[in-house]
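Hello,

Here is the structure I promised to pass on. Please have it open while you read; my notes follow below.

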Amino acid sequence: MRTSSHSLARLLGDWSSGPGAAHRRLTELIRLLILDGRLPLDTAVPGERDLAGALGISRTTVATAYAALREQGYLSTEDRARSRTRVPAPGASRVTPETAEAGSELIDFAHAAPPAPGEALHRAYTRALDQLPRHLPRHGYTLTGLPELRAAIARRYTERGLPSSAEQILVTNGAQHGLALIARTLLRPRDTVVLDHPSYPHALHAFRSTKCRILPVPLSEHGWDLEQLGAATRSAAMAYLIPDFHNPTGLCLPAPERARLRPGCPVIVDETMAELAIDTEAPPPLAAYHREVISLGSADKTFWGGMRIGWVRADPGLIARLGQARTATDLGTPLVEQLACAELLEDIQAILPGRITDLRARRDQLLALLAERLPEWQVGEPSGGLSVWARLPEPVSSALAAVAPEFGVHLAAGPRFGVGGAFERHLRLPYTLDPAAMRAGVDGIVAALGAVRTGRRAQATEPAPF
């Protein structure tokens, strides 16, 4: 895989602003693109002359940045070949005093994923193992999913206001797997995909991997512009929307606006946060208003990311088509996880209230910490989901994310959620950490922000685990 000079220039966005030498800023942002996954591993980077031309800078600046990245272990060093992206081997990076004091693990403010409901999860797996013997005489492959899990997912859609049958459900290895399968099956290179902007980073990657053209429709602080969204979709092959406690903003599309939406193309709706309504009644699924909608769901945010269970809800014909296309990459989802997920869905009415109460307390603590420690940041109060979307007074999100590991914190920079380097003034902060880690993490962010404001740039720190 390789990236062109113009593609890398778009990912870098307005990289030239900020204190410090140009080659250091370029080094820092390319390194962050690699760690964020926006520049995938083993990707051949453009030649020095090509990238210099695309950025309008001297070749010496690019050469110096590439040399620093090779020295730090983020680019390969083979002779007579284009350098390829990589990450340093464990232990190869320099540890600073700040990271030494913080301990060996960074406080993870990059991933919005809650801890497992321990007792309920353990009980579900115990029941799953009790059921496993009846499946052992068969081969164990479930191309579309176990019938009992498909039925449980369909029942949950029906309870949420969208009558569904098991034939409309395809079980996947997480929602991201389902999205990639839909993109590979239904889209062709150069097709236009509309999405709300900002958006989920792995969705952006899925559409870029199929070489689609991404058309972002901005979200305001109040939500979606339905007229603009309808106009954009009329010339598109597909739209990808997150109307349920949007990632990263936390916005939720109200039921009346769901009814008024007039999409001009098929729509993939990401519902991975749909069950996490904290301060409001969750509206019915968008597919209850528009039959052509393809719904993506997941157990990861509701229960636990370690299960890797997701699903697609669509008309039975498309489900069959996706099942056939799936055979090119895998033959099904692990049985024990499917059995455990079915058990959890049966108990969801008992599990959710405690989950929601816990998330509300964590959200309120994070909002209080940000108001106390970073009062100049503008932070909305999401009514559901797992994160807040903060607006910073200056465009330093990438610089802050790059420096933060030196202060014991792992952050996801705002541009990770955008197209063309957008959202340098934004940062997504999940409220899924325990109270002590959350407070320590905010303290680390405050310290890192102070360092960025004095002109400090990132050192060659060890990459945070993904």
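I began with the loops. P248 sits in the loop between strand 5 and helix 11 (255-260). The peptide bond from N247 to P248 is cis, with omega about 20°. Bear in mind that this is a predicted model.

The loop between strand 5 and helix 11 also holds F245. F245 is not a glycine, yet its phi is positive, about 50°. Is F245 buried or exposed? Its relative accessibility is 1%, and the cut-off for buried is under 20%, so F245 counts as buried.

P198 lies in the loop between strand 3 (192-197) and helix 9 (201-209).

K211 is in the loop that runs between helix 9 and strand 4 (213-218). Phi of K211 is positive as well, near 60°, and K211 is not a glycine. Its relative accessible area is 59%, so K211 is exposed. For context, most residues other than glycine have a negative phi, and most peptide bonds are trans.

Next, the cores. The largest nonpolar core has 50 residues. Which of them touch the most other members? They are L149 and M307. Several elements supply at least two residues each, among them helix 6 (118-131), helix 7 (147-159), strand 2 (169-172) and helix 14 (348-373). Strand 5 is also one of these suppliers. Helix 13 gives the most, with eight residues.

M307 deserves a look of its own. Leaving out residues up to four places away in sequence, M307 touches L121, Y125, E337, A340, C341 and L344. Another core lies apart from the largest one. This other core has 43 residues, including A390, L400, V442 and A448.

Last, a helix pair. Helix 14 packs with helix 16 (residues 435-453) at an angle of about 25°, and their axes are 10 Å apart. Angles under 35 degrees count as roughly parallel, so helix 14 is roughly parallel to helix 16. Their crossing is right-handed.

Which residues make the contact? From helix 14 they are R362, Q365, L366, L369, L370, E372 and R373. From helix 16 they are P435, M438, R439, V442, D443 and V446. By class, this contact has seven nonpolar, one polar and five charged residues.

Best wishes

Key: Residues are numbered from 1 along each chain as its sequence is written. This is a predicted model: local features need pLDDT of at least 70, side-chain atom pairs count only at pLDDT 80 or more; totals for chains, interfaces and linings use all residues. Side-chain values use heavy atoms; hydrogens and water are left out. A nonpolar core is a set of buried Ala, Val, Leu, Ile, Met, Phe, Trp, Tyr and Cys residues joined through side-chain atoms within 4.5 Å. Buried means under 20% relative accessible area, exposed over 50%, partly exposed in between (1.4 Å probe, protein chains only). Helices (H or I, at least four residues) and strands (E, at least two) are DSSP runs, numbered from the N terminus. Contact means heavy atoms within 4.5 Å. Axes are lines fitted to C-alpha atoms, for helices over the stretch in contact, and angles run from 0 to 180 degrees between N-to-C directions. Angles under 35 degrees count as roughly parallel, over 145 as roughly antiparallel, 65 to 115 as roughly perpendicular and the rest as oblique. A crossing is left-handed if the near helix is turned anticlockwise from the far one by less than a right angle, and right-handed if clockwise. Ala, Val, Leu, Ile, Met, Phe, Trp, Tyr, Cys and Pro count as nonpolar, Asp, Glu, Lys and Arg as charged, and the others, Gly among them, as polar.
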